[in-house]
Amino acid sequence: MLNRRNWVVLSATILLIVSLAACAAQGVALPERELTVDVDTALAAQGKLGNLMMGSAEWTESEFSSLLSVLLDQNSGENNPVTGVHVWFEPDNQIYVRVALKDGVIPTGNTLDLAGTVDVVDNQVQVDIAQAGAGNMSVSGAFLAPISAQINAALADPSMGVAADVTTDEGMIMVEVGGM
């Protein structure tokens with residue numbers, strides 16, 4: 001009986017080590033460009049939202065990051081663990097996101113990093129998160145499908161209009177809409 005228990009423990013340990021090996025990869029590699037996140041830049045970005053009514057709007061990384069950070073701050077309570085968001089754009093609709101957290105929210109540090117793509121599917125903006133990390137730990141693949149699905153469900157809100165195209169280049173994103 002003791003021998004069987006040892007095999008079960010050994011098998012469980014090996015399974016755990018193999019499972020964690022996927023998580024022990026390097027953290028998400030983010031672009032090294034500096035971003036300015038402040039209220040004035042957020043207001044400039046908010047002013048560009050009106051351009052969507054005319055068909056398209058373009059934001060820089062700093063504008064997009066500032067808008068998200070300020071909106072999160074204004075629309076969340078004191079228990080919100082997020083202190084800011086930085087978003088970088090690369091060609092071919094590549095996006096990189098760093099979510100800054102309050103100290104002590106997660107044991108591996110105070111940031112969450114995401115990498116993926118943004119596109120339009122069935123006239124809705126959708127994201128596909130390919131990699132996520134905290135500190136030097138990261139996960140990828142099927143583990144992230146539920147996260148992408150939750151984000152895409154929020155983006156599918158009909159009040160957001162009908163997206164026609166999303167294009168990114170180094171340092172910018174452009175969204176075109178078909179109608180509200």
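Partly exposed means a relative accessible area between the buried limit of under 20% and the exposed limit of over 50%. R98 has 30% relative accessibility, so R98 counts as partly exposed. This is a predicted model. The structure holds five salt bridges.

**The R98 and D113 pair**
- The side chains of R98 and D113 meet in a salt bridge, at 2.7 Å from N to O.
- R98 belongs to strand β3 (residues 94-101) and D113 to strand β4 (residues 111-121), so this pair ties together parts that are 15 residues apart in sequence.
- D113 has a relative accessibility of 3%, so D113 counts as buried.
- The two partners therefore fall into separate classes: D113 is buried, whereas R98 is partly exposed.

**The R33 and E61 pair**
- What joins the side chains of R33 and E61? They meet in a salt bridge, with 2.5 Å from N to O.
- R33 sits in the loop between α1 (2-23) and α2 (39-49), while E61 is in helix α3 (residues 61-74), so the pair ties together parts that are 28 residues apart in sequence.
- Is E61 buried or exposed? E61 is buried, because its relative accessible area is 5%, and the limit for buried is under 20%.
- R33 counts as partly exposed, at 25% relative accessibility.
- R33 and E61 are also part of a network of salt bridges, linked there with E90 and E170.

**The K48 and E63 pair**
- K48 forms a salt bridge with E63, and the closest N and O atoms are 2.8 Å apart.
- This pair links distant parts of the chain: K48 is in helix α2 and E63 in helix α3, 15 residues apart.
- E63 counts as buried, at 12% relative accessibility.
- K48 is partly exposed, with a relative accessible area of 24%.

- Side chains of opposite charge can pair when their charged atoms come close.

**The surroundings of V82**
- V82 is found in strand β2, which covers residues 82-90.
- V82 has a relative accessible area of 22%, so V82 is partly exposed.
- Which residues does V82 contact, leaving aside its neighbours within four places in sequence? V82 is in contact with L72, V99, A100 and L101.
- V82 and N110 are 28 residues apart in sequence. In space, their C-alpha atoms are 9.4 Å apart.

Definitions and conventions:
Residues are numbered from 1 along each chain as its sequence is written. This is a predicted model: local features need pLDDT of at least 70, side-chain atom pairs count only at pLDDT 80 or more; totals for chains, interfaces and linings use all residues. Side-chain values use heavy atoms; hydrogens and water are left out. Helices (H or I, at least four residues) and strands (E, at least two) are DSSP runs, numbered from the N terminus. Buried means under 20% relative accessible area, exposed over 50%, partly exposed in between (1.4 Å probe, protein chains only). Contact means heavy atoms within 4.5 Å. A salt bridge is a side-chain nitrogen of Lys or Arg within 4 Å of a carboxyl oxygen of Asp or Glu.
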